[in-house]
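Let's take a walk through a protein model together. Have a look at the sequence and the structure, and then we'll go through the cores and the disulfides.

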Amino acid sequence: MLLWLLLLIWTPGRGQSGVAPKAVLLLEPPWSTTFKGEKVTLTCRESHSLAQGNTIWYRDMKPWRVRANKIQITESGNYQCKTQGSSLSDAVHVEFSSDWLILQASHPVFEGDDVTLRCQGKDAKNTNKKVYYKDGKQLPNSNNLDSIKLNSVSRDNSKYHCTADRTTFLIPYEQTSKSLSIQVQELFPHPVLKASSSTPVEGSAMTLTCETQLSPQKPNVQLQFSFFRDSQTLGSGWSRSPKLQIPAMWTEDSGSYWCEAETVTHSVKKRSLRSQIHVQRVPVSNVNLEIQPTGGQLIEGENMVLICSVAQGSGNVTFSWHREGTVRSLGRKTQRSLLAELQVPTVKERDAGRYYCAADNVHGPILSTRIRVTVRIPVSYPVLTLRAPGPQAVVGDLLELHCEAPRGSPPILYQFYHENVTLGNSSAPSGGGASFNLSLRAEHSGNYSCDADNGLGAQRSHRVSLSIAGTSGNRTGLATAAVMGLLLSILGLAAAAALLHHARTRRKTGGPSATGTSSSNECQEPALSKSSRIDPQEPIHSEPLALMEPEPVYSNVNPEDSNQIYSQVWSIQHTKENSANCPRMHQKDEELTVLYSELKKIHPDDSARQASNRGRVHEDGEENYENVPCVSLASDH
């Protein structure tokens, strides 16, 4: 029996893939124990047919030189066979016993099979009251039976025997058989777990295979498989496939792996040995930053995408994006990927600079090269300014057209237009504005505008109107007219003085006055004079005025020249008494006559512009008033 156990352990080829199937050894009659003197026929078969060609037989691990596929034996021993198309069969122990009572077990028996036990005496007629035992304990419902059936046996070390009464000369004697170990053959060997790699790299796929092989004598048995890591079931559980595909392995997948194989009837289940699998992490390398739009050339308001990638690296990779000069990162992402992207919406001018990214999977951050990002600004609406030598543009002037866009990346090209007709262009390489000079002609009156364009879209200014008057000589004529007007004013003052003298002569001789008298010794602000108006541009007089006479004369003088009107002629007499009452007056003894007059020249061809150059504009029939400083009115007797 010990030799048989050793032979089972020694049997080569069990459970190994790539080895020829085992040969099958059959017994006839199908009992592994028989009485001495009887014969047993051994047949060697390949998987599904009789052995072809030479067959080598072994007894107690020693080869026989017998070449037939069937032999008869009469001696006890452990028998095996081998053919050219099969590997060595499992050993079968055949026992030839000289005992009166034996226990027989059917053969072959595989794991999970039902087995028949038969208690036999040499003299069957005189063998009665048979009882069956397992490991010294009577099996239930086994009294006085010629045979019993054991369900789903396994390969254990159980010992069986039987007892029976032997009747001799009508006297029964109890007989006991030798112990019997049932030769239960493997239905399939313990599975072996195989992995496509025992040290897979993070992110790589791995295949687990639960390898075993059914006995050729049990081709109809179906198996199912399950895989485990530590105490966790992998996949979907039990499956008919002996393989499990794992798409990607990560560091947390490191551990102890094993598998199980069992029959679909759950009668036999076997487990593999545990295998340690360590998942290796690959450090990141070759970190690269890509910017979209390509080249890092952006227009203000566009969206920018920063793409950080690594050529190698496994596991969770932490990506971060940075701009030189800023302490905090622009963004951070951790994911199981060799690529990540960050979106920067609506870039501004301040977003320009040098960008880089970093990647880290626990081995330390690796930086990319730096890429410069430029943000170009489209031009804003430009402002057009017209600059002429004087307040009024005239023919022959050199007009400067200055166009400037408040915002916009250089270089900027400016186009100048007159009534939408291009006059010319000027460039501003460093930004700012540009000018264009134009010598004015009469046809240059009208609307002017300009365009600003830096390649990101042109913008046009508002229109500016320009009116051109005659020729440049007109400006000289206006000055001449102003001088002539001044001379005429002086002449008018002289005429007014003569009229004033005439009026005073009339008053001394008792002539009537034009107005009533005012109360004496009273400092008054004279009333506004008629037919006059203050010009806000004229300087304010700071010299004191002389005193007025008690009865000022209001008269309008219209000489023969109908184009000139003189008015507001006052005679102011200075006295000591009046000076005392009005300290603002000059303290002079002599008589001072001050004449205020206003000259208005009316000519049908005189234009509004020429009147403006003289400093005042008067209209017919309009009363103008002029403030007269405070004076003391004295009666003149």
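We'll begin with a term: a nonpolar core is a set of buried Ala, Val, Leu, Ile, Met, Phe, Trp, Tyr and Cys residues joined through side-chain atoms within 4.5 Å. "Buried" here means under 20% relative accessible area, while exposed means over 50% and partly exposed is in between (1.4 Å probe, protein chains only). Keep in mind that you're looking at a predicted model, where local features need pLDDT of at least 70 and side-chain atom pairs count only at pLDDT 80 or more, while totals for chains, interfaces and linings use all residues. Residues are numbered from 1 along each chain as its sequence is written, and side-chain values use heavy atoms, leaving out hydrogens and water.

So what's inside? The largest nonpolar core has 21 residues, and Met304, Leu306, Phe319 and Trp321 are those with the most contacts inside it. At least two residues of this core come from each of several strands, among them strand 26 (285–292), strand 29 (317–323) and strand 34 (371–376). (Strands are DSSP runs of E, at least two residues, and helices are runs of H or I, at least four, numbered from the N terminus.) Strand 28 gives the most to this core: four residues. There's also a second, separate core of 20 residues, including Leu384, Cys403, Phe416 and Cys450. In soluble globular proteins, nonpolar side chains tend to be buried together.

Two of those names come back when we turn to the disulfides. A disulfide is a covalent bond between the sulfur atoms of two cysteines; here the rule is a pair of cysteine sulfur atoms within 2.5 Å. How many disulfides does this rule give? The count comes to five.

Cysteine 403 and cysteine 450 form one of them, with their sulfur atoms 2.0 Å apart. Cysteine 403 sits in strand 37 (residues 398–404) and cysteine 450 in strand 41 (residues 446–453), so this pair links distant parts of the chain, 47 residues apart. Cysteine 403 counts as buried because its relative accessible area is 0%, and cysteine 450 is buried at 0% too.

Another disulfide joins cysteine 44 to cysteine 81, S to S 2.1 Å. This link is right-handed, with 85 degrees about the S-S bond.

Finally, find cysteine 119 and cysteine 162, whose sulfur atoms are 2.0 Å apart in a disulfide. Cysteine 119 lies in strand 11 (residues 115–121) and cysteine 162 in strand 15 (residues 160–168), so the pair ties together parts that are 43 residues apart in sequence.
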